[in-house]
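Hi everyone, thanks for coming. Could you please bring up the structure on your screens, so that we can walk through it together?

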Amino acid sequence: MNEIKSLEQRPIGGPGPIRRTALHDTLVSHLRDMIIEGDLPPGTRLHEGQLGEQLGVSRTPLREAIKYLASEGLVELVPSRGAVVKRFSAKDVRDMLTVLQTLEELAGRLACETATDAEIAEVRALHDEMVRRYEAGDRMQYYKLNQDIHSAIARLSGNAALADMHAMLQTRLKRIRFIGHEGPEKWAAAVAEHQEMIAALEARDKARLSEVLGLHLTRAWERVRDAV
């Protein structure tokens, strides 16, 4: 059984227990980040008592946060074992990336047709900040901005069904996408692909953006397949 690492060295909003303000959202975000970064590896049982003591919260809000992560597909509620961090097989990951690739290829084409100049400028701003986080070596903030860019392109498709399905798959693949940036070569390659994405979006070159997004997801699988 994997041991849960102490949260005392991972304070939110300063040292000490998590504040009660927006407690649910804070707990969900904190636990999700721990899963993404591998502090709670796949198969880890989430002990409410231990986590509650470490975070300085009661079991009730913690239980609700864990249930929310289960609804996202990051945690499984297993009879007789309780809450366990979800473990995806290599086939699970490949299947989800295949569907995500199809969705993003379509989203890219639609976004080039329907997005306003202001909306594209907002994606450019996200991209520029992501590059700054890359240059600073801030991997978690880079990753979150990276995911924000993919979500933004899905939203700019103007297709709510596509955006909803994309959000579900992207959430389940959070840990997998994060490890795709491990190592300087993989990280640099991912950034270069994003440079091509933003150029195609700004040019409203729907064929090129769809192609780059598809290639990006294909390479995402190549970057993670040995780790799943």
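Let's begin at Arg 133, which counts as partly exposed because its relative accessibility is 24%; buried means under 20% relative accessible area, exposed over 50%, and partly exposed in between, with a 1.4 Å probe and protein chains only. Before I go on, please keep in mind that this is a predicted model, where local features need pLDDT of at least 70, side-chain atom pairs count only at pLDDT 80 or more, and totals for chains, interfaces and linings use all residues. Residues are numbered from 1 along each chain as its sequence is written, and side-chain values use heavy atoms, leaving out hydrogens and water.

So which side chain does Arg 133 meet in a salt bridge? The partner is Glu 129, at 3.2 Å from N to O. By salt bridge I mean a side-chain nitrogen of Lys or Arg within 4 Å of a carboxyl oxygen of Asp or Glu. Arg 133 and Glu 129 are four residues apart in helix H5, so about one helical turn separates them. Helices here are DSSP runs of H or I with at least four residues, strands are runs of E with at least two, and both are numbered from the N terminus.

Glu 129 also forms a salt bridge with Arg 132, at 2.9 Å from N to O. Both of these residues lie in helix H5, residues 117-136, and they are three residues apart. Glu 129 is partly exposed at 27% relative accessibility, and Arg 132 is partly exposed at 43%.

Now please move to Arg 208 and Glu 196, whose side chains meet in a salt bridge of 2.3 Å, N to O. This pair links distant parts of the chain: Arg 208 sits in helix H10 (residues 206-224) and Glu 196 in helix H9 (residues 184-202), 12 residues apart. Arg 208 is partly exposed at 31% relative accessibility, and Glu 196 is partly exposed too, at 34%.

How many salt bridges does a search of the whole structure find? It finds 17.

Finally, let's zoom out. The protein has 10 helices and two strands. Its radius of gyration is 18 Å, close to the 17 Å that the globule rule gives for 228 residues, so the protein is as compact as a globular protein of that length. That radius is taken over C-alpha atoms, and the rule is 2.2 Å times the number of residues to the power 0.38. Of the 228 residues, 44% count as buried.
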